[in-house]
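Subject: Handing over the structure

Dear colleague,

I am passing on the structure that you will be working with from now on. Please look through it once before reading my notes below.

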Amino acid sequence: MATELEAATKKGEDLNKAVAKLLTKVVKEHKRIVFNGNNYAPEWEKEAGKRKLLNLKNTVDALPELITPAAVQVLEKYKILNEREIHARYEVFLENYNKTVNVEGQLMVLMANRYIFPARSSTRSASARA
C-alpha cells in the first residue's frame, strides 16, 4: 500500500485522494473476507462457507496453514521469515500446544483424584450409614 501511495504522490496526485482511491480498491479486493458481525456466532460459519473461506475452529486444524506453500511464499516474499524459520515456528507452536494440553489434562486428573472423587466417596459412605 505504501508503494502505491508513494507512486501516486510522485505523479502529483493529492495524498488524500490517493488514499481514498487505494482504500476503495483494497475494500473491493478483500470484501469477501471482511465480516462486521460476531465471528463466533453460527451465522459466521454459514457466511464463511458462502464466501469459501476457511473456518478453522482449533489450533490443531489451524497450525498446518502456516506451512502451506502459499503462506510460505508470502512470508518469504516480504522477508518476514524464510522457509526454515516458518517450519521451526510451526514445530514450536505444535510443541507448545501439546505441552499446554498435557498440563491441563494432568491438572484435571489431579483435581478429580484429590477433590471430586474423595467428596463423592464421602457422600456415598455417609448415605450408606444413614
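What follows is a short account of the helices, the loops and some residue pairs.

This is a predicted model, in which local features need pLDDT of at least 70 and side-chain atom pairs count only at pLDDT 80 or more, while totals for chains, interfaces and linings use all residues. Residues are numbered from 1 along each chain as its sequence is written, and side-chain values use heavy atoms, with hydrogens and water left out.

Let me begin with two helices that pack together. Two packed helices are described by the angle between their axes and the distance between the axes. Helices here are DSSP runs (H or I, at least four residues), as strands are (E, at least two), and they are numbered from the N terminus. Helix α1 covers residues 2-10 and helix α2 residues 15-30, and their axes come within 9 Å and cross at roughly 140°. The axes are lines fitted to C-alpha atoms, for helices over the stretch in contact, and the angles run from 0 to 180 degrees between N-to-C directions. α1 and α2 are therefore oblique to each other, given that angles under 35 degrees count as roughly parallel, over 145 as roughly antiparallel, 65 to 115 as roughly perpendicular and the rest as oblique. On the α1 side the contact (heavy atoms within 4.5 Å) is made by Glu-4, Leu-5, Ala-8 and Thr-9, and on the α2 side by Leu-15, Ala-18, Val-19, Leu-22 and Lys-25.

Asn-16 also has its place in α2, and with a relative accessible area of 60% it is exposed, where exposed means over 50% relative accessible area, buried under 20% and partly exposed in between (1.4 Å probe, protein chains only). Between Asn-16 and Lys-79 there are 63 residues in sequence and 29 Å in space, taken from C-alpha to C-alpha.

The loop between α2 and α3 holds Arg-32, a residue that is partly exposed at a relative accessible area of 44%. Leaving aside residues up to four places away in sequence, Arg-32 touches Arg-51, Lys-52 and Leu-53. Of these, Arg-51 is 19 residues from Arg-32 in sequence, with a C-alpha to C-alpha separation of 6.1 Å. Lys-52 lies in the loop between α3 (42-50) and α4 (59-62), where it is exposed at 73% relative accessible area.

Most residues other than glycine have a negative phi, and most peptide bonds are trans. Lys-52, however, has a positive phi near 60°, and Lys-79, which is not a glycine either, has a positive phi of about 55°. Lys-79 is found in the loop between α5 and α6, and its relative accessible area of 74% makes it exposed.

Which residues of helix α5 are buried? In this helix, residues 69-77, they are Ala-71, Val-72 and Leu-75. Seen down the axis of α5, these buried residues fall within an arc of 100°, so they line one face of the helix, the arc being that of the directions from the helix axis to the C-beta atoms. Pro-69, Gln-73 and Lys-77, on the other side of α5, are exposed. An α-helix has 3.6 residues a turn, so residues three or four places apart point the same way.

There is one aromatic pair, by a rule under which rings of Phe, Tyr and Trp (its six-membered ring) pair if their centres lie within 6.5 Å, with planes under 30 degrees apart counted as stacked, over 60 as edge-to-face and the rest as tilted. The rings of Phe-35 and Trp-44 have centres 4.5 Å apart and planes at 40°, so this pair is tilted. Phe-35 is partly exposed at 23% relative accessibility, whereas Trp-44 is buried at 10%.

Glu-91 is partly exposed, at 47% relative accessibility, and its C-alpha is 9.4 Å from that of Leu-63, which is 28 residues away in sequence. Asn-113, also found in α6, is partly exposed with a relative accessible area of 46%, and its C-alpha is separated by 38 Å from that of Glu-65, 48 residues away along the chain.

With kind regards
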